[in-house]
Number of protein chains: 2
Amino acid sequence: MKVINLDHISAKPLLPEVKEVMIGAIEKDYHNPSSQHKTGEEAAAALQKAREAVADLLNCSTPKEIVFTSGGTESVNHAIKGVALANEDKGKHIVTSNIEHNAVMRSLRRLKSSGFTVTSLPVDSSGRVNPKDVAEAITKDTILVSVMHSNNETGTIQPIEEIAQITRQKKVIFHSDAVDSVGVVPLDVNKLGVDLLSFASNTFYGPAGVGGLFIRRGTRIFPLLEGGVQENNKRAGAENLIGIIGTGKAAGLALRDMDKRLMHLRALKEKLLTELPNSIDEYIVNTHPDYSLPNLLSISIKYIEGESVMLMLDDENIAISTRSACATGSLRASHVLLSLGLSHADAQGTLVISYGVDNSKEDFVAFLNALKNVVSTLRDISPLYQKAPKT
Amino acid sequence: MKVINLDHISAKPLLPEVKEVMIGAIEKDYHNPSSQHKTGEEAAAALQKAREAVADLLNCSTPKEIVFTSGGTESVNHAIKGVALANEDKGKHIVTSNIEHNAVMRSLRRLKSSGFTVTSLPVDSSGRVNPKDVAEAITKDTILVSVMHSNNETGTIQPIEEIAQITRQKKVIFHSDAVDSVGVVPLDVNKLGVDLLSFASNTFYGPAGVGGLFIRRGTRIFPLLEGGVQENNKRAGAENLIGIIGTGKAAGLALRDMDKRLMHLRALKEKLLTELPNSIDEYIVNTHPDYSLPNLLSISIKYIEGESVMLMLDDENIAISTRSACATGSLRASHVLLSLGLSHADAQGTLVISYGVDNSKEDFVAFLNALKNVVSTLRDISPLYQKAPKT
């Protein structure tokens, strides 16, 4: 049974080449990269090769600026808690935005209970932070600014370069959660000007549960996982070498195929935006028309629940989500969508359509047909729709 | 080129059955276990199956007591920092031992800089903590005791049950770092009486970079990685499902084959202890004769450096270590061996011989022959040996 995966934001498939190197690593059965005998050295060489591939993808000054982690969440926790604890002698104020991922929000909530204060900035109705607000929010006590590169629910991209100009001028450390951007859009840590950047391997078709943190040389930060001297003494613990080898391969492919993928994804997005009005009416597009990821479109369909759409599309073998998988289980309306100014009712009707290199225009034809039927069926039984003024 | 792996403490090979399920998971390409559509449910079922296998291995009351992590180091950091921060309103004193792994020691050092105090208990010359010392060290401010189950450099096993009786009576949370014990020796969290237990998958021939933390129901602890609601809200972040599936398989095999493996490992240890005197003289056995792991023997060979032995054995295609791979790169003498009362010179002559189900008596014959030659060669050029009184 083939399932059409339009829920790439939750999980992307491994590329065949990534599968191949991961299976190769399992069969090879590497020793511990920290061991000093020759089987250890072989493992260390494989680890280094992967680190170089990721450093190339991000255009780091040196591979030593890359720390492998167990994923985007660990990277974000490491960045935020690590900077806060290492710099609290300088001040205990942090600036962020209202639309960050839970990993950022909950890390900050933890710090608040240890006496840190946090200024959380609004976004405009298009979902973007105003760099001027960042400048105004920074005080003498500010040690960290954390603003995401792209939002995982809307795909909207933030003005990171402009914010970095401000943080550099004010000598404040700048972290960007780029978990949904790295490997999808071209991204150069030196051009961006960030000090810390979190990323996840699965975003560029590597394995889930692997990610990394770019730490610019000289950035004052404590490790989150402490113990051994792995990862240049920045992240202790035996490495998930199989996953890291897959990540290195995926990073290399992302860099090599970036332009080709962008062209494919933009064509898909164009198709989706053009065809949607032929399938449904009365919906809101939450994704920024210009500043956004090419592989995600968030829409809020009026008078119905996204959850019901998701379940009915699942019956048609189409996987889609209403928000990030990380927040599944929470019944509250998305803080991201409410920050955009959506009503609770409209927020409940949201679908996140996220796709990738493995999707085709035919997938969208099938999706749009199914969506048309599902929305029509749901609206037929929707009391909200019955009461709504017809246009 | 076949290398004889007598450095299992740094890396154990994956079992063929573990490789098979991991390759199967890569080929299957699971979706995100948190996603609510049916491909997500398939992934969630695979995750649950692995959790149940690990819970069975440890005889947990419910699989919910198992939290998967990125390895022993994360588990230890989670246990220690998570308990400390969640209970600091009750007190800020922690009791530990002098021979803990760096993951424990460095987590505690971090807490000390936030105002916690730590009492670190000595071990006797056989390497064991005295439970009476634990009882005496506990004050009204004590919130946590952390004593390892077995030591990673000597293999000596601690009196965990006796310590747990004390912590239960005094209502103090008890964590044991059992990273080198779980899956090697029978271990039942309810019989042991611990509240938290850290473990690593590779110890029982699962993949490196995967581990877990047993958290007894009702234990007050904060997550270390915060964000999404994965792992029953105790550890955020997309799961390393490929590694976790391998871990579940490895746990099932460890439980099934425990007796058979113990018999094999004990026979190997017996052979090693019996034959060693025929190969070398003037060495100290650091491993406890009765309370110790069956798969590790630590010896300190007088007048020579373990590092040189390791490198020369490497030339003979025998992998061995002088201490845990986590501490490689540090030139200081092992704090564990010094705690046993060894001199700096003797500590430098230490070899950790660690082996597993894939080793045979023939491996030991080859090792003992090579060791004899290497030690003789090194002593011929050792000024210490020339000056030593001959027996």
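This is a predicted model: local features need pLDDT of at least 70, side-chain atom pairs count only at pLDDT 80 or more; totals for chains, interfaces and linings use all residues.
1. Let's start with the core. The largest nonpolar core holds 238 residues, and the members that touch the most others are A:L58, A:L241, B:L58 and B:L241. As background, nonpolar side chains in soluble globular proteins tend to be buried together.

2. Now pick out one of those leucines, A:L241. Which residues is A:L241 in contact with, leaving aside neighbours within four places in sequence? In chain A, the partners are A:A25, A:Y30, A:P33, A:A43, A:A46 and A:L47. From chain B come B:A208 and B:G209.

3. Next, look at where the chains meet. Here 60 residues of chain B are in contact with 60 residues of chain A. On the chain B side, six helices each supply at least two residues: α1 (16-28), α2 (38-58), α3 (72-87), α4 (102-112), α9 (241-279) and α10 (306-315). That side of chain B is made up of 26 polar, 23 nonpolar and 11 charged residues.

4. Chain A itself splits into domain 1 (4-11 + 258-380) and domain 2 (16-253). Notice that domain 1 is written as two stretches of sequence. The C-alpha centres of these two domains of chain A are 27 Å apart.

5. Finally, how do the domains of chain A meet? In chain A, 25 residues of domain 1 are in contact with 24 residues of domain 2. On the domain 1 side, β10 (296-301) and α11 (335-339) of chain A are the elements giving two or more residues. The biggest share comes from α11(A), with 4 residues. By type, this side of domain 1 of chain A has 13 nonpolar, 11 polar and 1 charged.

Key. Residues are numbered from 1 along each chain as its sequence is written. Chains are lettered from A and ligands numbered from 1 in the order in which they are written. A nonpolar core is a set of buried Ala, Val, Leu, Ile, Met, Phe, Trp, Tyr and Cys residues joined through C-beta atoms within 7 Å. A residue is buried if 20 or more other C-beta atoms lie within 10 Å of its own, exposed if 12 or fewer, and partly exposed in between; C-beta atoms are placed from the backbone. Two residues are in contact if their C-beta atoms, placed from the backbone, lie within 7 Å. Ala, Val, Leu, Ile, Met, Phe, Trp, Tyr, Cys and Pro count as nonpolar, Asp, Glu, Lys and Arg as charged, and the others, Gly among them, as polar. Domain bounds come from an automatic or database domain assignment.
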